[in-house]
Amino acid sequence: MKITKAKTCDGIAAMPVSTELETVISLIRSDKYQKTVAEIATQSYNRMLDEQGHGHDGPLPASDKLPRLVFHGTFGRNGFNDLRTKTYLLMMSVDCRRGMSQISEVRRRIAAVPYTLMAFAGSSQRTLKVVIRVGYADGHEPQSANAYLTLLRKAQEAAIPIYQGLARCDLRRQELTLETGCRMSHDPQLFYQPEATMLPVARDASEPLAPYKGVESEDNGMVKWYPAYDEQERLRLEFYTCLQRAIEQHPGDDDEALVASLAGYCHRAGLAEEGCVKRTLWSSRISQSEDVVRKIFRATYTRPSTGKAVSQMNEKERIARSIRDFMARRYQLRYNVVKQMVEFRPNDECFRPWQPLTDREVKRIAFEEMLEGGHGWSIDIELFVQSSLVKPYNPIHEFLAGVGKWDGKHDYIEAYARRLKTDYDRWPHFFHRWFLAMVAQALNKNRDYGNSVVPLLIGSQAMKKSTFCKNILPYYLREYYMDDIKMDNAEQVERVLGRMWLVNIDEYNAKTDREQAKIKRLLTEKDVQVRKMRSDQYTMTPRLCSFIATTNEHQPLTDPTGSRRYLCVEMTGQADMSGHINYKQMYAQALAELERGDIYWFTNADEAEIVAHNGRHQSRTSVEDVLSTLFSPAEHRKEYFLTTTEIQQRLRKSLIAADVPTLRKLGMALKRQHYPTGSLDGIHGYYLKSKGARKK
């Protein structure tokens with residue numbers, strides 16, 4: 001890979017020259033620029049100590065001795081206005097005022113982030129340069145220089161909170177141009193990871209998400225994982241403005257006075273306490289412990305800003321208000337209505353993944369509240385988090401609200417269905433219908449129709465049947481997918497129907513007749529009756545779950561009366577699960593089609609077609625074989641009319657006693673064989689004629 005190197009004069013770059021990245025890495029690790037870098041580091045240090053501010057503007061005198069490196073592309077004869085190739089590399093800086101000791105410490109943490117391609121000390125020996133790979137998540141490649149610059153700027157905005165959370169450092173935000181780069185440097189400990197992972201960037205990250213009609217959710221239909229970019233920028237700028245004022249007020253080594261002054265500025269600026277505490281702890285200027293910083297900020301933020309006396313409250317009210325304020329300041333909470341549990345994460349603007357709020361976590365939070373001087377116990381914390389004060393959140397509705405609009409140019413649902421190799425030409429069409437029913441089921445769109453059809457994938461081992469099923473849901477919703485369901489546990493079955501979006505009935509042929517009958521009953525349920533733990537009350541919950549199934553048996557169906565509930569698909573080869581799956585457009589298409597009124601249930605004609613198609617996959621019992629050998633259908637004439645009992649008596653003449661079926665099994669076999677039925681003198685029977693008796 002080639003990047004750009006350019007000589008400078010008074011900070012102005014000359015003609016850019018392409019050079020190999022490996023060559024630049026070797027030069028930085030070598031001693032070629034060691035003396036020049038040491039000279040620049042001395043000038044930078046002296047400038048930092050210059051309290052009068054003389055000579056602070058413009059480049060350092062020795063800077064022109066080092067060429068400028070531009071990592072994000074190579075350029076043609078017209079200079080930096082002639083972008084030739086895009087490297088998809090982004091360079092950022094971390095301020096390390098304590099010098100190489102801090103650089104080594106920060107580099108060690110940054111090296112653990114999978115997106116880091118390079119990390120090396122800057123020429124001033126007071127900064128760490130970080131180079132990462134970036135690109136659009138959907139594989140889109142920008143064509144123009146402006147579009148490429150937009151990608152780099154979006155990547156910078158996406159990388160900053162990630163590195164702040166994972167590497168615990170503040171990356172310097174800079175205005176990116178095609179000439180943005182850094183000086184050549186000297187760092188024998190340069191970190192280089194050629195297999196670094198690309199940082200994915202969403203092309204529509206700055207576009208507002210329109211919620212699906214009828215879905216109740218906040219913040220434009222999505223629970224915000226990250227605040228808007230301009231909001232992040234405002235918060236950081238205001239904090240560092242407060243920090244700069246505090247440093248100017250306390251330029252010495254009195255860290256406690258500096259933190260107290262900073263806390264006062266942040267409090268008056270209306271900044272959130274927890275975010276300011278975290279940024280204070282990240283600052284290289286402050287060396288106080290976390291406990292001391294928290295105490296100082298807590299004392300400042302609880303001090304009445306108006307000077308008026310605080311109103312008197314009884315003990316319970318004071319504890320309740322302190323817990324409510326503590327939780328709002330330190331944590332974010334939400335109630336997952338699908339999992340039916342409270343989830344949490346720290347409110348420190350690091351935007352870590354949400355986690356279940358377990359009993360252990362409640363006790364830890366209670367202890368943290370006590371460390372801050374609170375008087376609440378874990379039971380008080382639990383009283384708050386288990387109340388309806390915690391706002392509900394539906395992860396599936398959030399996902400559907402954020403998929404955007406369908407482009408209408410391609411049928412993404414049937415394209416996914418064709419990943420399954422089969423000769424059944426109606427498979428894409430029926431999968432499309434079933435997929436719409438699955439989405440409608442999740443939205444509880446229709447109270448009359450549940451998703452009562454199960455695609456049954458038939459194929460030998462290693463044909464990726466289960467992989468096809470699992471990939472119907474996007475990766476971040478896989479926790480709402482289950483590989484199998486145990487029918488012998490009634491309570492678990494009811495919970496699964498309300499908490500899983502998709503269940504794969506793996507090895508369907510291994511299910512007993514009783515289990516298959518129960519599955520058939522579940523398919524028609526539209527609501528789930530659930531009894532919560534330690535309660536004798538049952539509540540009705542909308543059914544969420546849809547089913548799909550797999551089997552190695554080519555004739556898995558045993559009950560023709562229920563075959564309309566299964567869509568048998570015999571695979572002819574391994575499912576093609578390679579390449580990108582455009583989940584956003586796939587589900588956006590489903591939402592658009594449901595919105596315009598497309599049917600998502602199987603009509604009577606569809607079910608008749610499915611039953612006819614499933615005939616080849618219907619297994620025959622020994623009773624059916626005997627019936628087809630001894631009898632054939634007959635016209636509706638009195639001499640051919642036989643009751644079930646009379647048919648059983650005729651079978652006794654041709655079979656040994658142990659092989660004679662019961663009346664119940666015989667009646668089921670007659671129905672499966674579709675013998676003509678009727679009634680004579682009010683007695684139900686069948687019309688059939690004998691082919692000739694078999695000897696015992």
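Visitor: Which hand does the crossing of H6 and H8 have?
Guide: The crossing of H6 and H8 is right-handed. This is in a predicted model.

Visitor: What are the angle and the axis distance for that pair?
Guide: Helix H6 (residues 255-269) packs against helix H8 (residues 290-301) at an angle of about 40°. Their axes lie 9 Å apart. That angle makes H6 oblique to H8.

Visitor: Which residues make the contact?
Guide: On the H6 side they are Glu-256, Val-259, Ala-260, Leu-262, Ala-263, Gly-264, Cys-266 and His-267. H8 contributes Val-293, Ile-296, Phe-297, Thr-300 and Tyr-301.

Visitor: And how do the residues of that contact divide by class?
Guide: The contact of H6 with H8 has 9 nonpolar residues, 3 polar and 1 charged.

Visitor: Now H9 and H11. At what angle do they pack?
Guide: About 65°, with the axes of H9 and helix H11 (residues 378-385) 10 Å apart. H9 and H11 are therefore roughly perpendicular to each other.

Visitor: Is that crossing left-handed or right-handed?
Guide: H9 passes H11 in a right-handed crossing. From H9, Ile-319, Ile-323, Arg-324 and Met-327 take part, and they meet Asp-380, Ile-381, Phe-384 and Val-385 of H11. By class, this contact has 6 nonpolar residues, no polar ones and 2 charged.

Visitor: Switching to salt bridges. How many are there?
Guide: The count comes to 26 salt bridges. One of them joins Arg-330 to Glu-274, where the closest N and O atoms are 3.3 Å apart.

Visitor: Why does that pair tie together parts that are 56 residues apart in sequence?
Guide: Because Arg-330 lies in helix H9 (residues 315-330) while Glu-274 lies in helix H7 (residues 273-282).

Visitor: Are those two buried or exposed?
Guide: Arg-330 and Glu-274 are both buried.

Visitor: What about Arg-364, which residue does it form a salt bridge with?
Guide: Its partner is Glu-361, with the closest N and O atoms 2.9 Å apart. Arg-364 and Glu-361 are 3 residues apart in helix H10 (residues 359-371), so about one helical turn separates them. Arg-364 counts as partly exposed, at 34% relative accessibility.

Visitor: Which residues are linked in a network of salt bridges?
Guide: The network takes in Glu-273, Glu-274, Glu-290, Arg-294, Arg-298, Arg-329, Arg-330, Glu-361, Arg-364, Glu-368 and Glu-372.

Visitor: How far apart are the closest N and O atoms of Arg-596 and Glu-593?
Guide: They are 3.9 Å apart, and Arg-596 forms a salt bridge with Glu-593. Arg-596 is exposed, with a relative accessible area of 55%, whereas Glu-593 counts as buried at 4% relative accessibility.

Visitor: Where is Phe-602?
Guide: Phe-602 sits in the loop between helix H18 (583-595) and helix H19 (604-614). Its relative accessible area is 10%, so Phe-602 is buried.

Visitor: What does Phe-602 touch?
Guide: Leaving out residues up to four places away in sequence, Phe-602 touches Phe-430, Arg-433, Trp-434, Val-453, Glu-607 and Ile-610.

Visitor: Where are Gln-125 and Gln-340?
Guide: Gln-125 is in the loop between strand E9 (116-121) and strand E10 (127-136). Gln-340 is in the loop between strand E15 (331-336) and strand E16 (341-346).

Visitor: Is Gln-125 buried or exposed? And Gln-340?
Guide: Gln-125 is buried, with a relative accessible area of 14%. Gln-340 is partly exposed, with a relative accessible area of 25%.

Visitor: Last, the whole chain. How many helices and strands does it have?
Guide: The chain has 22 helices and 29 strands. Of its 696 residues, 48% count as buried. Among contacts between residues at least 6 apart in sequence, 71% join residues at least 24 apart.

Notes: Residues are numbered from 1 along each chain as its sequence is written. This is a predicted model: local features need pLDDT of at least 70, side-chain atom pairs count only at pLDDT 80 or more; totals for chains, interfaces and linings use all residues. Side-chain values use heavy atoms; hydrogens and water are left out. A salt bridge is a side-chain nitrogen of Lys or Arg within 4 Å of a carboxyl oxygen of Asp or Glu. Helices (H or I, at least four residues) and strands (E, at least two) are DSSP runs, numbered from the N terminus. Buried means under 20% relative accessible area, exposed over 50%, partly exposed in between (1.4 Å probe, protein chains only). Axes are lines fitted to C-alpha atoms, for helices over the stretch in contact, and angles run from 0 to 180 degrees between N-to-C directions. Angles under 35 degrees count as roughly parallel, over 145 as roughly antiparallel, 65 to 115 as roughly perpendicular and the rest as oblique. A crossing is left-handed if the near helix is turned anticlockwise from the far one by less than a right angle, and right-handed if clockwise. Contact means heavy atoms within 4.5 Å. Ala, Val, Leu, Ile, Met, Phe, Trp, Tyr, Cys and Pro count as nonpolar, Asp, Glu, Lys and Arg as charged, and the others, Gly among them, as polar.
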